[in-house]
Protein chains: 4
Amino acid sequence: MVRAQIVGATGYGGLGMVELLLHHPEIKLTSLLARTDVGKPLSDFFPHLRGFCDQVVEDASPERIGVDVDLVIFATPDRVGMAHARQVVGAGVAMLDYSGDFRFPTVEQYQEYALRHPSTAGRPHACPELLGANVYGIPELYRSRLREARLVGNPGCFAVAMILGLAPAVKAGVAEPRSIVVDGKTGSSGAGKKPSPVHHFPERNENVTPYRVASHQHTVEAVSTLSGLAGEPVGLTFVPHVVPTTRGILCTSYATLRRPLSSAQVHDLYREFYAGEPFVRVLPMGSFAALKSVQGSNLCDVSATVDEANGRLIVISAIDNLMKGQAGVALQNINLMLGFAETLGLERTPVYP
Amino acid sequence: MVRAQIVGATGYGGLGMVELLLHHPEIKLTSLLARTDVGKPLSDFFPHLRGFCDQVVEDASPERIGVDVDLVIFATPDRVGMAHARQVVGAGVAMLDYSGDFRFPTVEQYQEYALRHPSTAGRPHACPELLGANVYGIPELYRSRLREARLVGNPGCFAVAMILGLAPAVKAGVAEPRSIVVDGKTGSSGAGKKPSPVHHFPERNENVTPYRVASHQHTVEAVSTLSGLAGEPVGLTFVPHVVPTTRGILCTSYATLRRPLSSAQVHDLYREFYAGEPFVRVLPMGSFAALKSVQGSNLCDVSATVDEANGRLIVISAIDNLMKGQAGVALQNINLMLGFAETLGLERTPVYP
Amino acid sequence: MVRAQIVGATGYGGLGMVELLLHHPEIKLTSLLARTDVGKPLSDFFPHLRGFCDQVVEDASPERIGVDVDLVIFATPDRVGMAHARQVVGAGVAMLDYSGDFRFPTVEQYQEYALRHPSTAGRPHACPELLGANVYGIPELYRSRLREARLVGNPGCFAVAMILGLAPAVKAGVAEPRSIVVDGKTGSSGAGKKPSPVHHFPERNENVTPYRVASHQHTVEAVSTLSGLAGEPVGLTFVPHVVPTTRGILCTSYATLRRPLSSAQVHDLYREFYAGEPFVRVLPMGSFAALKSVQGSNLCDVSATVDEANGRLIVISAIDNLMKGQAGVALQNINLMLGFAETLGLERTPVYP
Amino acid sequence: MVRAQIVGATGYGGLGMVELLLHHPEIKLTSLLARTDVGKPLSDFFPHLRGFCDQVVEDASPERIGVDVDLVIFATPDRVGMAHARQVVGAGVAMLDYSGDFRFPTVEQYQEYALRHPSTAGRPHACPELLGANVYGIPELYRSRLREARLVGNPGCFAVAMILGLAPAVKAGVAEPRSIVVDGKTGSSGAGKKPSPVHHFPERNENVTPYRVASHQHTVEAVSTLSGLAGEPVGLTFVPHVVPTTRGILCTSYATLRRPLSSAQVHDLYREFYAGEPFVRVLPMGSFAALKSVQGSNLCDVSATVDEANGRLIVISAIDNLMKGQAGVALQNINLMLGFAETLGLERTPVYP
């Protein structure tokens, strides 16, 4: 059994990983760490886990991080993982980080991201020597590299939906690379467990609010990834909106077609691109992705069609932000890193209704 | 006192008008008509109105429509108003119709719309001789014509949000007219009072679902109106989504700028365009329109900004679909038609929280 | 015009009063005070009020409170109003307080309440000499005294629903006074504007949570009021629950009947008790109170029936907690205090759907 | 592998069983039947199951029911199961029925239920000879009999919450048996997949509505079961309410104590009663059951306390109505019938947040 440690176990991101590992046949959760609220069972913070995980949360001290375990998952905000990566990776322990710390291959790309992210404020990377050894965790694009990786940067939730939605078209070169618009809709859980005015129930309920208009930090990794696929610079305007759901991200992407294509042609292109993928479902023509078809699962549903009158591609992609957008894709990446079946522990059907 | 009649009083659209007229000092509701569920007080269908409107709903027979009243509001589906317009208008009675029947000035434009709308199925207009005499009910654009009108086609709810969001930019010629993308989010009440699988609570709650992708009928009137403002053909890809709120429409519109403009310049352009408008609020720079700031009111909040890196205009416009998107704009139009102060009976603040 | 001042203008309770007074023909809002967030227009805190109330919020200093106004509304937590009451009332200014400070006629009763309330922690009343001069603001019970009052203690939101639901039965002596159970359901706005874990959207949505089980502080004023009506001690078990709505309180009250009564008899008793009341609607037999029929209005809907097999009275009462449970009943009380028509500024219909 | 057939596979109840059996290691779903919508894959009705269950739904004809299978689950409305039970049970096939058809041991008790249920309208039982051979499916009470059963009547969702909440107190004789009040709160999914005005999103959202006040059919089985445990007749007033959640039932039960007991004593009594139960969690003193702690799981959370001032027991019990209230308890019953580990396929943690 692989021994796993979660740093940041008392947030939604850590919780998602705990729940998945409780049901994983090859990985055992041996250590739960957090900065605050330590010394009590995890089920004190998450009463639904009473009887499932009453393990005590310990202090996330440097002396505990990465010790006596085979795998560390940093379910922490930006800049925590990078402070410990040298030690963890140096000890030969596999490491996956939820934040933006290890999503980029170069200091320059990281810097562009850091300038965009409100909480990093442009500070330089604290562990630049590991950039290049890290792998960005989109299994559908980087599967073979993930199988060799010891340090994975888990993708941003919106980035997963954008990239999986646009990759086939961008890779095939059918879309004008500077014409892309992505309109994102996300539930409230993406903002985490900490209460805030924006997610206070009376303000959030019956509300739709745009935020970080054309300035969301996940745009950086999406643009970088898509530019790599396209072989030319991609320009992308992204506006995220919070909608009154707990879970889920739905991205509607628009791009001008370089040459006329029918919906059927685009649909075929997508089917082919994702053939055999265990967690991407390209929907039949005329069906469109919706949140409830993926919530609770590691699936990404994708539907692609064409507005023929305007020569425009429309792609709708939907994920559960806490699963395929966070803990689920993390476990998928971990399964690849550790040589397990990619779907192990991720077989659950979406929750419906 | 003006005597008003509502045809279709037992739907959400009719209800909205009833509620507004109950508080209107110059218009008296003298007749409530419907096709089904007649012979009972309106408060039997809408228990919240018990004590406010216990007037009996009568059969919407041709003998009753337009008789002994000064104003008829058709809060009815497509093709009902057109069947009675000749008689009503011929009798010198003012008429406002909620449906698409009188939104277009020519048979040809109506036909384009009718082909798009699922429930009209391309049937020809039943009262073509009145097309041309009708006025399309966007007060911010057609105020002076509405003051002379006797037959008003109330706009589609999505069309209101799209048109008010894009009119300033399109009129000023700053946006590439064929580059426009509108991503719409609407609450459930827009679909009316009749239960359906899509709006069944367990399916709608926690869900976001795109529908009529690039084929929504309101696109026709928006394109036609904006093309008129632009003086050239406008191309527009519109994808509406249902989000789990009862009320509200928020449209996020994207367009490529013809020449570089700053957010401040665009903001000034919008401020100027809507200066003095009683129901359009151009938000300060850095603030963005949100549903909860307009729900329950006749307001349209508009925020305009620029994604400078990609040379793209972003406009966010928000309305209450049952108010500025339906009954509210209808009363605003009626006030204009009848010579009352435009804001009469529409002064209410949004409901918050 | 009466000049009114609101202390605590930036919370939900103050906001409710602002919105009502904006539409009140006889009262002018001349002063908005708060402890924090001062120096900015109210619409900075509540963007929906942009253009309706851009008045600047001033510091709630003792030098400002009650000065140059005819009426002060304390929309403040417990123990703020009592600290200023001597000064305000002494200056001949009318005063209404939202908190528990002036709901009780004696020091002893206040003390019982204070021991129950988490935020008062049993501290003694700071202005005991005014107890006795104050009137508890339930217009349906104390209308004539409210007309003479200069100091009104606005009731707790749950207390309004409990008292209006049970008063007719308790007054008539048909219920065993120690058999009463009240099961309360409330929306999230009752907890105020400040974010907290319990009202964080991802925790609140799809959740129902009991709280302050058999220990809610509103029980004290309900028991005291009902005991007064009964002429004997009333015993009442009250369990409140938060449900995922923004607004609304629905209380389901149960009591053993002293003697067999039919639903029709109980219904008649309720009809008679509330005959002529402008804001209490006793629903027809077979209809039951529901939140959506009252939200946004100052109404209390009441339905009373009998479980004949078990000899038990069942009463369901519903209010909007921010209206009839707070700002609405406050204005009703103020109208009485100031000699205006009781319904002035409160005529609005519920918001539906 | 046990071969299972679901009759009524296209409703929420059938769906719940499909999802559980997809993950069950010992039971294989070999046949999906329904009355309408046949001939298409199940994933056409439930798009979230695309790729998980694309099995074609067949016509629920008598020739198919119970044929070539070892187990039939009737996820059907009342009176369907009883029409086929003779044939199924006669062929030696294990049968579980979701409806009220086989919840009662005698014709008389069934009749009392049937008179109460709107859809059965008092019609006599169609298969009375099997009454007595059936077992009522509450594993915590009837485990040993369920191990021998071939015909199980799955309990009503509200009955599960009521019975598990009250059984310990009633069995121990600490509560006055005729003093019980149960106030129920349920999500919308309990009403099934068919759209209706009450569950139309704009009517359901932001609403709380009581229904079947003191007349809900599940009361009959709860009273009958609790009377059996008490050894004397139990009287119970039950008022269910719909709250705006998709899933979940929370029942708050009140009863007068026969003799003074502390919260600690009651808590101990409950702990002891449910010691070792895999799916009932008695919460620590001071913690109260809430929907989100059980949704998506087969758990029933129970919290018991005492209102000492009024000598009243308060018990709060919470379940997922589609799991412990329907498909989950059904599988628990089936595991017992078929000799599998009781928890097989039911180990999943609740979904949170």
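Which surface do the copies, chain A and chain B, meet through? I looked this up before anything else. I found that 100% of the interface residues of chain A are also interface residues in chain B, so the copies meet through the same surface. Contact here means heavy atoms within 4.5 Å.

**Ground rules.** I am working with a predicted model, where local features need pLDDT of at least 70 and side-chain atom pairs count only at pLDDT 80 or more, while totals for chains, interfaces and linings use all residues. Residues are numbered from 1 along each chain as its sequence is written, chains are lettered from A and ligands numbered from 1 in the order in which they are written, and side-chain values use heavy atoms, with hydrogens and water left out.

**Symmetry.** I laid chain A on chain B with a turn of 180° and a shift of 0.0 Å along the axis, and the RMSD came to 0.0 Å. Copies are superposed by least squares on the C-alpha atoms of residues with pLDDT of at least 70 in both. I then took chain D, which a rotation of 180° with 0.0 Å of shift along its axis superposes on chain B, at RMSD 0.0 Å. That is the relation of a two-fold axis.

**Chain A overall.** I counted 10 helices and 14 strands in chain A; these are DSSP runs, helices being H or I of at least four residues and strands E of at least two, numbered from the N terminus. The radius of gyration of chain A is 20 Å, close to the 20 Å that the globule rule gives for 353 residues, so the chain is as compact as a globular protein of that length. The radius is taken over C-alpha atoms, and the rule is 2.2 Å times the number of residues to the power 0.38. Of the 353 residues in chain A, 66% count as buried (under 20% relative accessible area, with exposed over 50% and partly exposed in between; 1.4 Å probe, protein chains only).

**Helix α9 of chain B.** Which residues of helix α9 in chain B are buried? I noted Ser263(B), Val266(B), His267(B) and Tyr270(B), in a helix that spans residues 263-273. Seen down the axis of α9(B), its buried residues fall within an arc of 100°, so they line one face of the helix. The arc is that of the directions from the helix axis to the C-beta atoms. Their packing partners in chain B are α6 (157-172), β12 (280-282), β13 (300-307) and β14 (312-319).

**Cys157 in chain C.** Is Cys157(C) buried or exposed? At 16% relative accessibility, Cys157(C) counts as buried. I placed Cys157(C) in helix α6 (residues 157-172) of chain C. Among the residues that Cys157(C) touches, not counting those up to four places away in sequence, are His218(C), Ile249(C) and Asn321(C).

I found a cis peptide bond joining Tyr352(A) and Pro353(A), with omega about -5°. Pro353(A) sits in the segment after α10 (323-338) of chain A. I also flagged Ala214(A), which has a positive phi of about 55° although it is not a glycine. Ala214(A) lies in the loop between β9 (209-210) and α8 (218-230) of chain A, and is partly exposed, with a relative accessible area of 21%.
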